[in-house]
Amino acid sequence: MSRLIVISNRVSAATGGAAGAQGGLSVALTSALRESGGLWFGWSGEVTDQFTGQISFHREDGVTTATVDLEEQDVEEYYNGYANRTLWPLFHYRIDLAEYERGFAGGYQRANERFAETVLPLIEPDDTVWVQDYHMIPLGQELRKRGCKNRIGFFLHTPWPPRRLLLTLPEASDLVATLFAYDVIGFHTDEWLQSFVDFVVLESGGVFEDSILRLEGRQIRLITCPIGIDSDEFATLAKGEEARKTFHQMRESAGGRAMMVGVDRLDYSKGLEERFLGYERFLIENPEERKEVFLLQIAPPSRVTVESYQRIRSSLEGLSGRINGAHADFDWVPIRYVNQGYPRAVLAGIYRAARIALVTPIRDGMNLVAKEFVAAQDPDDPGVLILSRFAGAAAQLTEALLVNPYSAEEMSDAIRSALAMPQAERIRRWQAMFNVICEQDVLWWRRRFTDALERSTSV
């Protein structure tokens, strides 16, 4: 197999002691790169007074990373602006939050040009290049402009919005056209793939047949390729010393009550407000059971300079305070709300101690927390996964209790059903989901995508 070059906005190779705030994508890509012996390139997260293209190399735990600093203007326009205030809300169906500024689009293009110029000398003729996510949609085209003939693939980790929503983006057709510089594009679900096809066919006159999308003499192969986790590694982690210690701490802290857990980056797409309101509905509708359960919500802050993220944090602090004030007693608090991340081993112990996981985003490309929760469970006494229908994971984890996160009533009913679920049913549902995450793990994801890319014809 040829060497794999992964390119993404941020680079953070995972280790066993990596912080819980580190995303599942980081863990997944690290696993893939260890197997291929490749290179991971992207932004360092640091700011420099003047962009020079100087690369910092680092090797740890079998993965080589190459990072570059960006100027303050790049960060504001490319990252805080177009990526997080334009594309992210749009791709998660929140056009009410999307901001369309010409300066954002210009900064996004400029940053991708700089990434292309910097990484091109690192790419050898036989390398396979794999670009990750919405931050770098134009990167393939910029590499082609500079003479890159390698196979280049692109994977989208977010949903792809429906055609009419995408049309609210002023430069939508031009942005979509840049994707035809890639050989293969991967999506988590058939739904996201079909939304992309609909736009190209209905708005640009493209033709789609046998997984090949053609437009104006160019073609790309489209595949559905849901990302997985290293299920064996996470299941082993959940039985390790640190996880066992956390498990016993949480069980002791619960005082015999059933613990529900939510672990989400602090983001409006995660449905945290709706989750709190659904739990409040349960407390109101089930007064006899309310003190038998509590919710531990772990929500590490993210994108703290973006106003919409400041608003969601303020809203959740107000909601949790109001719910606790209305329902708490001297020996019980319904919501434990924590704004920090934890190491993966600690999270594994928390998942294993939980009776229920609430994974209820209002829109999510995949959501690996759902898979990590399943992997961490005790096979003889597993917890119950309550999962949003609008998460990509719902297409695979069909034995979860699937809910509409906008419906507080459905959320309340699911919590009640999960608490009352017999052990035999919990085991049956868990086993089916565990089989899926083991069969379609992170290495399956990487191989499925890179095999399709290796079979493609490079430019």
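Which residues of α3 are buried? I took buried to mean under 20% relative accessible area with a 1.4 Å probe and protein chains only, and the buried residues of α3 are Phe104, Gly107, Tyr108, Ala111, Asn112, Arg114, Phe115, Ala116, Thr118 and Val119.

Before going on, I noted that this is a predicted model, in which local features need pLDDT of at least 70 and side-chain atom pairs count only at pLDDT 80 or more, while totals for chains, interfaces and linings use all residues. Residues are numbered from 1 along each chain as its sequence is written, and side-chain values use heavy atoms, with hydrogens and water left out.

**Aromatic rings.** I counted rings of Phe, Tyr and Trp (its six-membered ring) as paired if their centres lie within 6.5 Å, with planes under 30 degrees apart stacked, over 60 edge-to-face and the rest tilted. The structure holds 19 aromatic pairs. One of them, Phe154 with Tyr182, is tilted, at 5.2 Å centre to centre and 35 degrees between the planes; it links strand β6 (residues 151–155) to the loop between α6 (172–178) and β7 (184–187), 28 residues apart. Both Phe154 and Tyr182 are buried. For Phe155 and Trp445 the centres are 5.4 Å apart and the planes at 90 degrees, so that pair is edge-to-face; Phe155 lies in β6 and Trp445 in helix α16 (residues 442–455), 290 residues apart, and both are buried. I also found Phe41, Tyr78, Tyr82, Tyr108 and Phe115 in one aromatic cluster.

**Charges over rings.** My criterion was NZ of Lys or CZ of Arg within 6 Å of the ring centre and within 35 degrees of the ring normal. Arg336 lies over the face of Phe294, at 4.1 Å from the ring centre, and the charged end of Arg363 sits over the ring of Tyr93, 3.8 Å from its centre.

**The sheet.** With strands paired if DSSP finds at least two bridges between them, I read 10 strands in an open sheet of mixed pairing, in the order β3-β4-β2-β1-β5-β6-β7-β10-β9-β8. The edge strands, β3 (55–60) and β8 (207–209), each pair on one side only. Strands β9 (residues 212–215) and β10 (residues 218–224) run antiparallel and are joined by 4 bridges; the bridge partner of Leu215 in β10 is Arg218.

Note on methods:
Helices (H or I, at least four residues) and strands (E, at least two) are DSSP runs, numbered from the N terminus. Buried means under 20% relative accessible area, exposed over 50%, partly exposed in between (1.4 Å probe, protein chains only).
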